[in-house]
Amino acid sequence: MVFSLAISWILGVLFNFRTTGRLVFGSSDPRLLMRFVGVYFGLFWINAAGLRALEWAGLAPALGALALTPFIAATSYALMRDFVFSAVATRAQR
């Protein structure tokens with residue numbers, strides 16, 4: 001079970017790296033993969049902590065996830081733009 005979860009997570013991250021990089025930022029340079037994965041891990045922990053805090057405050061898990069979605073999406077875009085694909089984003093703005 002854990003092996004299947006790990007394989008699906010890895011494939012999902014690789015797919016997202018290719019599609020986000022190419023479709024959103026115009027790059028899928030493999031040298032950026034580790035930064036991308038780092039942002040994914042960071043966002044996972046931010047999301048998990050937020051969900052735990054909202055659940056502790058009495059909000060149902062599904063509503064907590066719904067409440068966090070805009071924040072996680074905006075933070076994800078900002079981190080991808082400024083940390084992962086920053087050189088590409090800078091060139092596109094010129």
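In which helix is S4 found? S4 sits in helix α1, and that is a handy place to start a walk through this chain. Please keep in mind that this is a predicted model, in which local features need pLDDT of at least 70, side-chain atom pairs count only at pLDDT 80 or more, and totals for chains, interfaces and linings use all residues. Residues are numbered from 1 along each chain as its sequence is written, and side-chain values use heavy atoms, with hydrogens and water left out.

Let us begin with the overall picture. The protein chain has four helices and zero strands, where helices (H or I, at least four residues) and strands (E, at least two) are DSSP runs numbered from the N terminus. Read along the sequence, that gives the pattern α-α-α-α. The C-alpha atoms of the chain fill a box of roughly 45 × 35 × 15 Å, taken along the principal axes. Of its 94 residues, 22% count as buried; buried means under 20% relative accessible area, exposed over 50%, and partly exposed in between, with a 1.4 Å probe and protein chains only. Contact here means heavy atoms within 4.5 Å. Among contacts between residues at least 6 apart in sequence, 58% join residues at least 24 apart.

Back to S4 for a moment. At 48% relative accessibility, S4 counts as partly exposed. Between S4 and D82 there are 78 residues in sequence and 32 Å in space, C-alpha to C-alpha.

Now follow α1 to its meeting with α2. The axes of these two helices come within 11 Å and cross at roughly 115°. Axes are lines fitted to C-alpha atoms, for helices over the stretch in contact, and angles run from 0 to 180 degrees between N-to-C directions. In passing α2, α1 makes a right-handed crossing; a crossing is right-handed if the near helix is turned clockwise from the far one by less than a right angle, and left-handed if anticlockwise. On the α1 side, the contact is made by W9, V13, L14, N16, F17 and T20, and on the α2 side by L33, F36, V37, Y40 and F41. By class, this contact has nine nonpolar, two polar and no charged residues. In this scheme Ala, Val, Leu, Ile, Met, Phe, Trp, Tyr, Cys and Pro count as nonpolar, Asp, Glu, Lys and Arg as charged, and the others, Gly among them, as polar.

The loop between α1 (2–24) and α2 holds S28, and S27 lies in that loop too. S28 is buried, with a relative accessible area of 10%, and S27 counts as buried at 12%. The side chain of S28 makes a polar contact with the side chain of R22 at 2.7 Å, and another polar contact, of 3.4 Å, joins the side chains of S28 and R18. A polar contact is a pair of N or O atoms within 3.5 Å; within protein, one must be able to donate a hydrogen and the other to accept it, and residues adjacent in sequence count only if both atoms are side-chain atoms. Leaving aside neighbours within four places in sequence, S28 is in contact with F17, R18, G21 and R22. As for S27, its side chain reaches the backbone nitrogen of D29 at 3.2 Å.

Next comes the pairing of α2 with α3. Helix α2 (residues 33–56) and helix α3 (residues 61–84) pack at an angle of about 155°, with their axes 9 Å apart. That makes α2 roughly antiparallel to α3, since angles over 145 degrees count as roughly antiparallel, under 35 as roughly parallel, 65 to 115 as roughly perpendicular and the rest as oblique. The residues of this contact divide into 17 nonpolar, five polar and two charged. Here, too, the crossing of α2 past α3 is right-handed.

N47 is partly exposed, with a relative accessible area of 26%. Not counting residues up to four places away in sequence, N47 touches L68 and I72. N47 and L68 are 21 residues apart in sequence and 7.3 Å apart in space, C-alpha to C-alpha.
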